[in-house]
Amino acid sequence: MDDRQRLLIVGNPLPWHVGAYLLCAASASGLSAQICDVRAAFEAPWLMLKFNWWFGGHRPPRLHEFSRRVLEVCRSFRPRWLLCTGIAPVARWALKEVAQEGILRINFLTDDPWNPAHRAPWFGDALPQYDRVFSPRRSNLEDLKRIGCPQVAYLPFAYDPAVHYPDPPCTATEWAQFASDVVFIGGADRDRLPIITALIRAGFRVALYGGYWDRLPETRAYARGHADPYVLRKAVGGAKVVLCLVRRANRDGHAMRTYEIPAMRACMLTEDTAEHRDIFGEEGRAVLYFRTIAEMLDKLRWLLEHPEERVRLAEGAYRLITDGSNTYTNRLAAMLGARMIS
């Protein structure tokens, strides 16, 4: 292998984060790869974290310290590519110095930096320094070009075959823990609350995994905590239907779960977006779509009454997504340039 076939990732290495998926993809592609753990940029007393977040423009307390660490690793490891995931805590000055080392700077922009929950002036300053920015949402491509990003492209999320595979409950205990009519896996965004409360009021067996559902009185009884990879597979496998919602504050057209759920061979009831239509095709081929809460409830009832259709849709979505072109190895090749990977 060429000694410059090295990749440095800036991301979260926990096994349910994009950084970890890309690290595994790099190994599968024959690259020598390391990851700089972004959590180090946020190591600070709780009060300092909150102050910087609310009054410092969502600034990580150790932004410059972490940026220096990334630069040090670049100089010692000598990667060909620096790949940052999302709103990565790497300052503008550090990215400039990385370029002087002859390293190609890439960002896979997992969140929308114009989402008010993530807007960070320091990151806005850094973003145009990346040589390539890949966004899994078409809605912000023109914004990225407008602020001066030199190369911008749409690149969807994906799935990791080592994590996202069919693994339903296999014992009575597991079925008792994970069985549901409908499961949703994602955070308790404000715009999602009317959707979820409608499901609860309609009498469905609802299971919720993700942050903050346990803090809301309407959903607390249905909150089941966070889903690590094992819990994710069991919860998806134990549900008759899996709800797939986009994050509207992120201007999403699809989400990470768009690819992960079908890879686990689940029946999806999917928010109707142009990107979802591009991915899954016409309704009934692999998923059912909904635009309104009333439509969602009607289609969920229909799916629960037609188990054979749930199986058919789940199988169709599984075949469609696991056709060999939707893994994070595929996405990594697209970001680095397939010809660059030996």
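This is a predicted model: local features need pLDDT of at least 70, side-chain atom pairs count only at pLDDT 80 or more; totals for chains, interfaces and linings use all residues.
Helix 13, spanning residues 307-321, takes part in two of the packing arrangements considered here, with helix 10 and with helix 12. The axis of helix 10, which covers residues 256-263, comes within 8 Å of that of helix 13, and the two cross at roughly 115°. Because angles of 65 to 115 degrees count as roughly perpendicular, helix 10 is placed in that class relative to helix 13, and the crossing between them is left-handed. On the side of helix 10 the contact is formed by Tyr259, Pro262 and Ala263, while helix 13 contributes Ala317, Tyr318 and Ile321. By residue class, the contact between helix 10 and helix 13 comprises six nonpolar residues, with no polar and no charged ones.

Helix 12, formed by residues 293-305, approaches helix 13 with the two axes coming within 5 Å and crossing at roughly 100°, so that helix 12 also lies roughly perpendicular to helix 13. In this contact, Trp302, Leu303, Leu304 and Glu305 of helix 12 meet Pro307, Glu309, Arg310 and Leu313 of helix 13. The contact of helix 12 with helix 13 contains five nonpolar and three charged residues, and no polar ones.

A further contact joins helix 1, residues 18-28, to helix 14, residues 328-336, whose axes come within 8 Å and cross at roughly 80°; helix 1 is therefore roughly perpendicular to helix 14. Helix 1 provides Val18, Tyr21, Leu22, Ala25, Ala26 and Ala28, which meet Tyr328, Thr329, Leu332 and Met335 of helix 14. Of the residues in the contact of helix 1 with helix 14, nine are nonpolar and one is polar, whereas none is charged.

Helix 13 also contributes to the second largest pocket, whose volume is about 270 Å³. The lining of the second largest pocket consists of 17 residues, and those lying nearest its centre are Gly237, Arg265, Ala266, Cys267 and Ala314. Two or more lining residues are given by each of helix 9 (229-238), strand 9 (239-244) and helix 13, and the largest share, amounting to five residues, comes from helix 13. When the lining of the second largest pocket is divided by class, 11 residues are nonpolar, one is polar and five are charged.

Conventions. Residues are numbered from 1 along each chain as its sequence is written. Side-chain values use heavy atoms; hydrogens and water are left out. Axes are lines fitted to C-alpha atoms, for helices over the stretch in contact, and angles run from 0 to 180 degrees between N-to-C directions. Helices (H or I, at least four residues) and strands (E, at least two) are DSSP runs, numbered from the N terminus. Angles under 35 degrees count as roughly parallel, over 145 as roughly antiparallel, 65 to 115 as roughly perpendicular and the rest as oblique. A crossing is left-handed if the near helix is turned anticlockwise from the far one by less than a right angle, and right-handed if clockwise. Contact means heavy atoms within 4.5 Å. Ala, Val, Leu, Ile, Met, Phe, Trp, Tyr, Cys and Pro count as nonpolar, Asp, Glu, Lys and Arg as charged, and the others, Gly among them, as polar. On a 1 Å grid over the protein atoms alone, a cavity is a set of points where a 1.4 Å probe fits but cannot get out, and a pocket is an open set with protein on both sides within 12 Å along at least five of seven lines; lining residues have an atom within 4 Å of a point. Grid points are joined across faces, edges and corners, and a volume is the space filled by probe spheres set on the points.
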